[in-house]
Amino acid sequence: MERIPILKMGPFLLVTIQVDMHDRLAMVLQDDLTSMISRTGARGVLLDISALEIVDSFIGRMISNIAAMARVLDAETVVVGMQPAVAITLVELGLSLPGVRTALNVERGMALLRDAVRRADGAGTDAGADAIAAALAGEEDDGGGDAPRGPRGAPPA
Amino acid sequence: MTSPSQARATIVPAVLERHAAELLDVWTQEQTTAGLTRGAAGDLRARSTEFLRLLQQATAETSGVGDLTAVHGAPFARVREFLGALSRQRAAEGATPSETAMFVFSLKRPLFVLLRREAADADRLADELWVATELVDRLGLLTTEAYQRGREEVIARQQQDMLELSTPVVKLWDGILALPMIGTLDSARTQVVMETLLQRIVETGAEVAIIDITGVPTVDTLTAQHLLKTVTAARLMGADCIISGIRPQIAQTIVHLGVDLADVTTKATLADAFRTALARTMQSVAPARHAR
Amino acid sequence: MSVVRAETVPVRVESDVVVVRQTVRQWATSLGFSLVDQTKLVTAASELARNTVVYGGGGSLTLEALEDGARRGLRLRFADEGPGIPDLALALTDGYTTGGGLGLGLSGARRLSNEFDLDSAPGKGTRVTIARWR
């Protein structure tokens with residue numbers, strides 16, 4: 001069965017949607033992602049939709065659901081790279097994805113997640129946040145994460 | 001009311017057919033004298049030949065069946081098409097409406113001369129002249145209408161150009177775009193602005209965009225909603241919008257129209273908006289300490 | 001106004017929704033629609049195709065390239081022989097759904113189009129027609 005790959009990057013999960021998603025694939029992704037968050041204890045999800053040519057109400061709902069479910073599992077979600085035409089259409093359709101964080105690209109999305117996690121952990125006062133920060137410092141050399149590689153210096157899952 | 005053309009069959013189609021060559025000669029002569037050869041002298045004869053042919057076909061088809069002067073009917077479709085294309089071309093070349101209409105009106109005299117020769121008696125001649133006058137006049141009106149449409153197309157195209165020129169998205173600072181809007185915002189313009197701005201956000205990777213409407217005198221409901229949609233769409237893409245320079249009247253309008261700008265950052269001036277944008281992108285501008 | 005070109009594609013199963021999106025994209029591109037307009041058309045088609053499969057039990061989509069003077073347009077007709085819609089006004093209300101969706105399918109498709117027509121009655125199937133002009 002066709003599946004959308006989920007990459008683990010340190011404490012975060014990266015999903016790059018590159019196919020014209022049919023509804024069942026979207027549902028499978030939703031399931032895969034929530035179980036992966038709970039299995040790995042991931043603190044954030046980066047949903048890269050820069051290759052998506054449309055977002056209709058079904059995919060819009062999937063995005064909102066992922067963000068809401070992730071939040072319940074103590075992970076932040078950032079949707080990155082939505083194309084202008086897609087954004088205009090989505091607004092016209094009547095969806096504004098309230099409660100979903102957004103960023104222009106993967107690099108910015110990562111920074112946003114890092115901030116959110118740091119804030120949630122009390123501005124880096126405990127060792128855990130420092131470890132995350134150290135892990136992320138390594139990620140930054142990857143050129144904004146456009147070509148995700150294996151996690152470097154990440155704490156064992 | 002019955003027009004003479006309906007009362008009995010007119011000889012106009014027959015004249016057009018039988019004396020086609022003669023009519024063409026006299027008519028092109030007439031056009032040359034009237035100075036209508038400007039622009040496309042070589043085409044004059046070909047153009048006139050083609051028009052007479054189409055006109056003859058149309059009138060022959062109408063003859064005996066309906067009103068010969070019903071130029072909006074189906075038999076005249078190709079005549080209308082021809083005149084439409086010609087008039088639009090003339091409009092684009094910068095010809096005046098009179099010059100354009102003279103192409104058809106200059107046909108009147110040569111046609112009258114032929115009719116006078118061919119009509120059986122004075123009564124008949126009066127009827128024929130009436131039909132011919134009405135026919136040529138209506139065709140003349142067609143050219144004027146087509147000319148008008150041609151001009152309108154030119155104006156519409158220029159408006160589109162203006163629209164694109166009048167919405168410059170400028171980079172104010174690293175990661176900060178500004179869109180100073182001037183003039184009345186209608187729905188079409190706001191839409192173009194919206195698309196341009198969002199496109200530039202992607203291209204430049206700007207996190208904050210300032211829409212300054214200091215130069216906008218009024219907004220209506222639709223425009224206010226478009227602005228709101230722009231802000232929402234930008235947020236979906238991951239950028240923040242700040243609207244600055246809202247005039248007191250516009251603030252009143254927005255509230256009266258019930259448009260909810262609660263989730264939108266608004267600032268009184270572009271400078272205020274810029275300060276906010278700097279803070280959001282964690283940048284600052286400080287005065288130089290030493291002036292050399 | 002005249003129809004220059006027409007084509008009918010099946011909308012029976014879920015994977016047809018993706019085919020509909022691709023077909024509408026191709027037509028909109030070849031008719032010279034801007035990227036934003038293409039996206040609106042494809043999104044509206046996606047909503048309506050899903051409705052046809054989920055609520056109508058499958059049906060078809062007829063695409064028609066329109067010409068009206070200098071204007072060019074694309075018309076999409078979705079038709080099914082399903083149970084039909086008892087209350088059209090209610091079905092067009094934002095947020096109203098019988099199938100667990102967001103209830104934005106019909107109302108959203110209407111907002112994304114220049115022309116919209118909904119024809120349905122219980123037991124008579126559903127025909128939704130939208131058109132967008134360039």
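**Where chain A meets chain B**

Let's start with one pair: the side chains of E207(B) and R108(A) form a salt bridge, 3.8 Å from N to O. The term needs a side-chain nitrogen of Lys or Arg within 4 Å of a carboxyl oxygen of Asp or Glu. Between chain B and chain A the count is two salt bridges.

Ground rules. This is a predicted model, where local features need pLDDT of at least 70, side-chain atom pairs count only at pLDDT 80 or more, and totals for chains, interfaces and linings use all residues. Residues are numbered from 1 along each chain as its sequence is written, chains are lettered from A in the order written, and side-chain values use heavy atoms, without hydrogens and water.

Now the whole interface. Chain B gives 17 residues to the contact and chain A gives 17 residues, with contact meaning heavy atoms within 4.5 Å. Together they bury about 1400 Å², 65% of it on carbon and sulfur atoms. That is accessible area (1.4 Å probe) lost on being put together, summed over both parts. Which residues of chain B lose the most area to chain A? R235(B), L236(B) and M237(B), together 42% of what that side buries.

Next, the helices, which are DSSP runs of H or I, at least four residues. On the α10(B) side, the contact includes L236(B) and M237(B).

Note on methods. Helices (H or I, at least four residues) and strands (E, at least two) are DSSP runs, numbered from the N terminus. Buried area is the accessible area (1.4 Å probe) that two parts lose on being put together, summed over both.
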